[in-house]
Amino acid sequence: MKHTLSVLVEDEAGVLSRISSLFARRGFNIESLAVGPAEQGGVSRITMVVPGDDRVIEQLTKQLYKLVNVLKVLDITETPCVERELMLVKVNATSSNRSEVIEISQIFRARVVDVAEDSLTLEVVGDPGKMVAIVQVLQKFGLREIARTGKISLPRESGVNTELLKSLEAKV
């Protein structure tokens, strides 16, 4: 199972290196990693997606707390959250299929950010499932390059679980 960890750390040189070394020493992969300033000055939030069962994640959490600059570690996998990711994707777009690529981008609310003679670069923002879906649809045109930020996530203050709402809508 994939777990989403939200880690608050002191914003100091080498913190990310120590965290990634901890994972590497134990043979764990980090599937997604995003780092940026948090709401407090001098504190950064690291959001990472890590594969593993509950026991493994519990052990990693304990190990993270042993690192000096780690302030707080939360496993927000089961918590209702707002999740977003940014992706830039360069797709083949000739004069014969350009309008179809643009139409698909509009369906996914993607923005065209660069136009070349034989390609378009799209900016896609949304939940990680949206990224997978648009890549699958655009695959038939030929993908030249993809750059993704990794997932960022914050718990919902409302507590509304949108995944639960989506599953209820699907049943209706």
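## Basis

A polar contact is a pair of N or O atoms within 3.5 Å; within protein, one must be able to donate a hydrogen and the other to accept it, and residues adjacent in sequence count only if both atoms are side-chain atoms. This is a predicted model, in which local features need pLDDT of at least 70, side-chain atom pairs count only at pLDDT 80 or more, and totals for chains, interfaces and linings use all residues. Residues are numbered from 1 along each chain as its sequence is written, and side-chain values use heavy atoms, with hydrogens and water left out.

## Ser32

The side chain of Ser32 reaches the backbone nitrogen of Lys151 at 2.8 Å. Ser32 belongs to strand β2, residues 32–37 (strands are DSSP runs of E, at least two residues, and helices runs of H or I, at least four, numbered from the N terminus).

At a relative accessible area of 13%, Ser32 is buried (buried is under 20%, exposed over 50%, partly exposed in between, with a 1.4 Å probe and protein chains only). Leaving aside residues up to four places away in sequence, Ser32 touches Thr47, Met48, Val49, Gly150 and Lys151 (contact means heavy atoms within 4.5 Å).

## Leu16

Leu16 is found in helix α1, residues 15–25. Its relative accessible area is 35%, so Leu16 is partly exposed.

## Arg109

Arg109 sits in the loop between α3 (98–107) and β6 (111–115). The phi of Arg109 is near 55°, a positive value in a residue other than glycine. With a relative accessible area of 73%, Arg109 is exposed.
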